[in-house]
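The following exercises are intended for a reader who meets this structure for the first time. Each task is followed by a solution in steps.

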Amino acid sequence: MRQLSLPIAAAAFALLSAYPALAAETVSVELLGERGGAMSIKLDKSSVPAGEVTFQVANVAKNTPHEMVVVKVDKAGQRLEVDRATNRVDESKLDSKGEVSNLKAGQDGTLTVNLAPGSYELICNLKGHVMAGMVVSFTVTG
Ligand SMILES: [Cu+2]
């Protein structure tokens with residue numbers, strides 16, 4: 001019986017490899033920048049097929065906390081309004097699909113969500129961080 005398991009595993013792997021859309025997508029996200037300077041969110045891909053997506057989020061800053069919020073928007077490149085009083089985007093007005101919150105410098109986190117086709121923005125909504133550059137467009141294809 002033991003001899004059967006290897007061919008079965010190989011067949012299963014071949015099947016998954018032949019149909020990559022069946023495998024969950026992973027997006028690597030880097031949160032960069034220090035207080036008082038430019039900040040950014042870098043992605044290893046800006047688009048994935050609809051379905052389950054895992055965001056592997058790394059705060060690579062040296063001494064600044066960051067976070068990542070997945071926001072559904074109506075159209076591609078739509079600008080999110082930053083409230084002048086709080087210097088943040090009003091989250092009660094956002095269609096948030098999930099977040100990795102409050103990563104200290106050097107910390108990692110993951111978020112797995114099921115995303116429908118459409119346009120999204122990934123932001124860090126700590127005070128002042130969107131204005132400093134922490135917003136990036138993301139597309140989920142049908
Ligand atoms: Cu940030």
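Two strands are said to pair if DSSP finds at least two bridges between them. The model examined here is predicted.

**Exercise 1.** Determine the strand order of the five-stranded open sheet, and explain why one side of each edge strand is left without a neighbour.

*Solution.* 
Step 1. The order of the five strands is β3-β11-β10-β5-β8, and their pairing is mixed.
Step 2. At the edges stand β3 (47-49) and β8 (95-103). Each of these has a single partner strand, so one of its sides has no neighbour in the sheet.
Step 3. Direction ignored, neighbouring strands of this sheet are turned against each other by 20° on average.

**Exercise 2.** Describe how β11 pairs with β10 and with β3.

*Solution.* 
Step 1. Strand β10 covers residues 118-123 and strand β11 covers residues 135-141. The two run antiparallel and are joined by six bridges.
Step 2. Individual partners can be named: Gly118 is bridged to Val140 in β11, and Glu121 has Ser137 in β11 as its bridge partner.
Step 3. The pairing of β3 with β11 is in the parallel sense, over three bridges. Here Pro49 has Thr141 of β11 as its bridge partner.

**Exercise 3.** State the order of the four-stranded open sheet and characterise the pairing of β1 with β4.

*Solution.* 
Step 1. The order is β2-β1-β4-β9, with mixed pairing.
Step 2. The edge strands, β2 (39-43) and β9 (108-115), each pair on one side only.
Step 3. From one strand to the next, the twist averages 20°.
Step 4. Strand β1 (residues 25-33) and strand β4 (residues 51-59) are linked by seven bridges in the parallel sense. Within this pair, Glu25 stands opposite Val53 in β4.

How values were computed: Residues are numbered from 1 along each chain as its sequence is written. This is a predicted model: local features need pLDDT of at least 70, side-chain atom pairs count only at pLDDT 80 or more; totals for chains, interfaces and linings use all residues. Axes are lines fitted to C-alpha atoms, for helices over the stretch in contact, and angles run from 0 to 180 degrees between N-to-C directions.
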